[in-house]
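Please view the sequence and the coordinates together while reading.

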Amino acid sequence: MTSRSITVLGATGSIGASTLDLIRRHRDEWRVVALTAHSSAAELAALAREFQAEIAVVSDEAALPALREALAGTTIEAAAGAAAQIEAAARGADVTVAAIVGCAGLAPTMAAIEQGGVIALANKEALVSAGDVMTAAVARYGATLLPVDSEHNAIFQCLQGNDIAHVHAITLTASGGPFRDWSLEQLEKATPAEAVKHPNWSMGAKISVDSATMMNKGLEFIEAYHLFPVGVERLRIIVHPQSIVHSMVEYRDGSTLAQLGPSDMRVPIASALAWPARMDTPCAPLDLAAIGQLTFRAPDETRFPATRLARAAVIEGGAVPAVMNAANEIAVAAFLNSQIGFTRIVQSVENVLSLGLAPAPTCLEDVIAIDAEARIRARELMEPVR
Ligand code: NAD
Ligand code: MG
């Protein structure tokens, strides 16, 4: 097999680590171009050395001296800052894994899209914020957008060999998160430590909080809307606490195709890395007899209103999804810093959405401006009342 080149944006995170674990196991099949991180210079340098990357980039310029020092004596380039991150992504690779958390990943992901390769997309916030701006760029530059998010990867697999025109409905499964069975009174007192303890998946802090509020499913609803053009009325959400069925596609003849697998992101990442072929993973196959039961229930949008907000946001369209995402990023950070309570996260997103709207974005710069403005508004609304 000839080797393929790969760039991992967000190499030090949870998805980055799962990706590099797979690359490590198939080392001779891959050549690493760029690895990026926010500020963890030592960790990034160790990965860049191990994988003999061409370039390592920290987005936080203050981390550059440490990165330089950790890469001394190697031929690996060290760089820092937003522009350097975009430049590294624009070097192009056969596969770019977009695994930065938040809208911060949008510009480098767009730079990779403009090179026309395969984009293995984990960074859902980028697609939610940019929407048509991103999908139009994918079409224009002939890039291939492969979803890594487990639900969307499942749907992508269930659509293979079928015509999307025959899809009756797409159902995203949701674990329901750690607070699935909590009352509203309990939710008011939920702490950051409780929120990041996901029952089935091990993930970064931000997406773990999003899973607890169900905003993750809201973002995924919008992500699905852009990836699979069946129309918002054909997109459903169902709670499936075991996280074994990763999502389903129902066809007009009454057939429903589902993708099942262990709750390990290396499975969907491997699917995207090897597509349209398959590759080995170290994940133990499902033992359905041991799992015993797969259960399903309707989501409760009274306790978890985030999916209702997301559905409304995608129907309104324009700048609304980007505003919703930005407000959520600010609220989640405030919750993780113990500045606001758990139920205030989604309330504050709703408050920002009620402020009125920016015009629909038509280019990357518009999306970035909408995101920046929404962050300012979200922070203002979060200020304690004096
Ligand atoms: P994480 O917090 O573990 O890692 C985030 C990565 O992005 C790190 O490498 C970090 O250094 C980098 N980063 C953080 N802030 C940055 C910034 N401002 N600029 C540049 N780089 C920055 O997050 P994660 O759990 O790996 O999630 C990454 C993305 O994948 C998110 O969009 C998340 O929603 C999505 N995702 C994650 C999982 C999962 O299981 N972890 C599953 C599905 C989708
Ligand atoms: Mg997911």
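The sections below cover the basis of the model, its domains, the metal site and some local features.

## Basis

This is a predicted model, in which local features need pLDDT of at least 70 and side-chain atom pairs count only at pLDDT 80 or more, while totals for chains, interfaces and linings use all residues. Residues are numbered from 1 along each chain as its sequence is written, chains are lettered from A and ligands numbered from 1 in the order in which they are written, and side-chain values use heavy atoms, with hydrogens and water left out.

## Domains

The domain assignment divides the chain into domain 1 (4–147), domain 2 (152–263 + 294–315) and domain 3 (317–386). Such bounds come from an automatic or database domain assignment. Between the C-alpha centres of domain 1 and domain 2 the distance is 26 Å.

## Interface of domain 1 and domain 2

Contact (heavy atoms within 4.5 Å) involves 13 residues of domain 1 and 17 residues of domain 2. The two domains bury about 1200 Å² between them, with 70% of it on carbon and sulfur atoms. Buried area is the accessible area (1.4 Å probe) that two parts lose on being put together, summed over both. Of the area that domain 1 buries against domain 2, 51% is supplied by Lys124, Val128 and Pro147, more than by any other three residues.

Two salt bridges link domain 1 and domain 2; the term requires a side-chain nitrogen of Lys or Arg within 4 Å of a carboxyl oxygen of Asp or Glu. Lys124 and Glu220 form a salt bridge through their side chains, at 2.9 Å from N to O. On the side of domain 1 that touches domain 2, the elements giving two or more residues are α6 (124–130), α7 (132–141) and β7 (144–147). Helix α6 gives the largest share, four residues. Helices (H or I, at least four residues) and strands (E, at least two) are DSSP runs, numbered from the N terminus.

## Magnesium site

The magnesium ion (ligand 2) has Asp149 (OD), Glu151 (OE) and Glu220 (OE) as its protein donors, 2.0 to 2.2 Å away. Donors are N, O and S atoms within 2.8 Å of the metal (3.2 Å for Na, K and Ca); water is not among the atoms, so sites may look incomplete. Along the chain the donors follow the spacing D-x1-E-x68-E. Asp149 lies in the loop between β7 and α8 (150–159) and Glu220 in helix α12 (residues 215–227), 71 residues apart.

## Local features

A cis peptide bond, with omega of about 5°, joins Trp275 and Pro276. Pro276 is placed in the loop between α13 (266–274) and α14 (288–291). Met214, in the loop between α11 (205–213) and α12, has a positive phi near 75° although it is not glycine.

The salt-bridge count comes to 23. In one of these, Arg91 pairs with Glu54, the closest N and O atoms being 3.3 Å apart. Arg91 lies in the loop between α4 (82–90) and β5 (95–98) and Glu54 in the loop between α2 (41–50) and β3 (55–58), so this pair ties together parts 37 residues apart in sequence.
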